[in-house]
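Hi,

Here is the structure I promised to pass along. Please have a look at it first, and then read my notes below.

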Amino acid sequence: EELMQIPEMKEFGNVLKSSTVVELTEAETEYVVTVVKHIFKEHIVLQYEVKNTLPDTVLENVSVVATPGEEDELEEVFIIQCEKLATDEPGKVYVAFQKVNGEGSMPVTSFSNILKFTSKEIDPSTGEPEDTGYDDEYEVSEFDLSGSDYIVPTFASNFSHLWEQIGTSGEQAEETLQLSGMKSIADATEQLAKALSLQPLEGTDVPVNQSTHTLKLLGKTISGGRVVASVRMAFSSKSGVTTKITVRSEEENVAALVIASVA
């Protein structure tokens, strides 16, 4: 809703999907930065929230230089900067990109991010910022725009029917992953469903067996094509969780994109 209030974004249409908040700095740094990825039909909007934690300092003309690694897929349209950031009062910066290859494309890339601003000290006698400040920049962590950012979890009752149906006419991709950091099958089940942005079906979000499990998942892309996945898992205390992920999609290239978001 907030996005729709911004005149420059009116023509983008509705937001098809928004990501969760991604933290780009440690919580205790001078400048705390997070990002939310908003997916539109032909545009991607990055909404940064920036907090200045430095006392007696105000930041002015705050913007973010967001650079996609794959520059031929996304073209920057505009940046809406935050005019002023007082201490501990978060503000927002928006960076909008157009998909070069049109609405059906699902660009996948990493972004590097540099915070740019003018820093001014507050005059203790007046409580007002000094007239002159200095321009500064601050590099924050990279983040990825991945295949799962274009997928919305979807519910349905008959997994095996969908699995066969999409399998006959769609695409398939598979990958075997060794998740040594996972402490249990329950842990892997939760993390993978979230990372793939797919809905667990038929109660498979609650593993009954602690040594082997099959997770059944479903979602739709932002353009409506269905995506099904089957994740077979085996746990051992020595090697963590070994998974074989198979994804089927109605649309071209989508199965591989979805798998790439966890591989």
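A word on the ground rules. This is a predicted model, so local features need pLDDT of at least 70 and side-chain atom pairs count only at pLDDT 80 or more, while totals for chains, interfaces and linings use all residues. Residues are numbered from 1 along each chain as its sequence is written, and side-chain values use heavy atoms, with hydrogens and water left out.

The protein splits into domain 1 (1-145) and domain 2 (149-261), with bounds from an automatic or database domain assignment. Their C-alpha centres are 32 Å apart.

UniProt (unreviewed entry) annotates residues 1-145 as "domain: Coatomer gamma subunit appendage Ig-like subdomain". That span is 0% helix and 55% strand, and its end C-alpha atoms lie 22 Å apart. For residues 148-262, the unreviewed entry gives "domain: Coatomer subunit gamma C-terminal". Here the make-up is 26% helix and 39% strand, with 9 Å between the end C-alpha atoms. UniProt positions are in the numbering used here, feature names are shortened, and annotations may be inferred rather than shown by experiment. Helices (H or I, at least four residues) and strands (E, at least two) are DSSP runs, numbered from the N terminus.

Now to the contact between the domains. Domain 1 and domain 2 bury about 960 Å² between them, 67% of it on carbon and sulfur atoms; this is the accessible area (1.4 Å probe) that the two parts lose on being put together, summed over both. One salt bridge is counted between the domains, where the term means a side-chain nitrogen of Lys or Arg within 4 Å of a carboxyl oxygen of Asp or Glu. D149 pairs with K37 in a salt bridge, with 3.0 Å between the closest N and O atoms. On the domain 1 side that touches domain 2, β3 (31-39) and β10 (134-145) each supply at least two residues.

Across the whole structure, nine salt bridges are found. One of them joins E2 and K92 (3.5 Å, N to O). E2 sits in the segment before β1 (17-18) and K92 in strand β8 (residues 91-99), so this pair ties together parts that are 90 residues apart in sequence.

Best wishes
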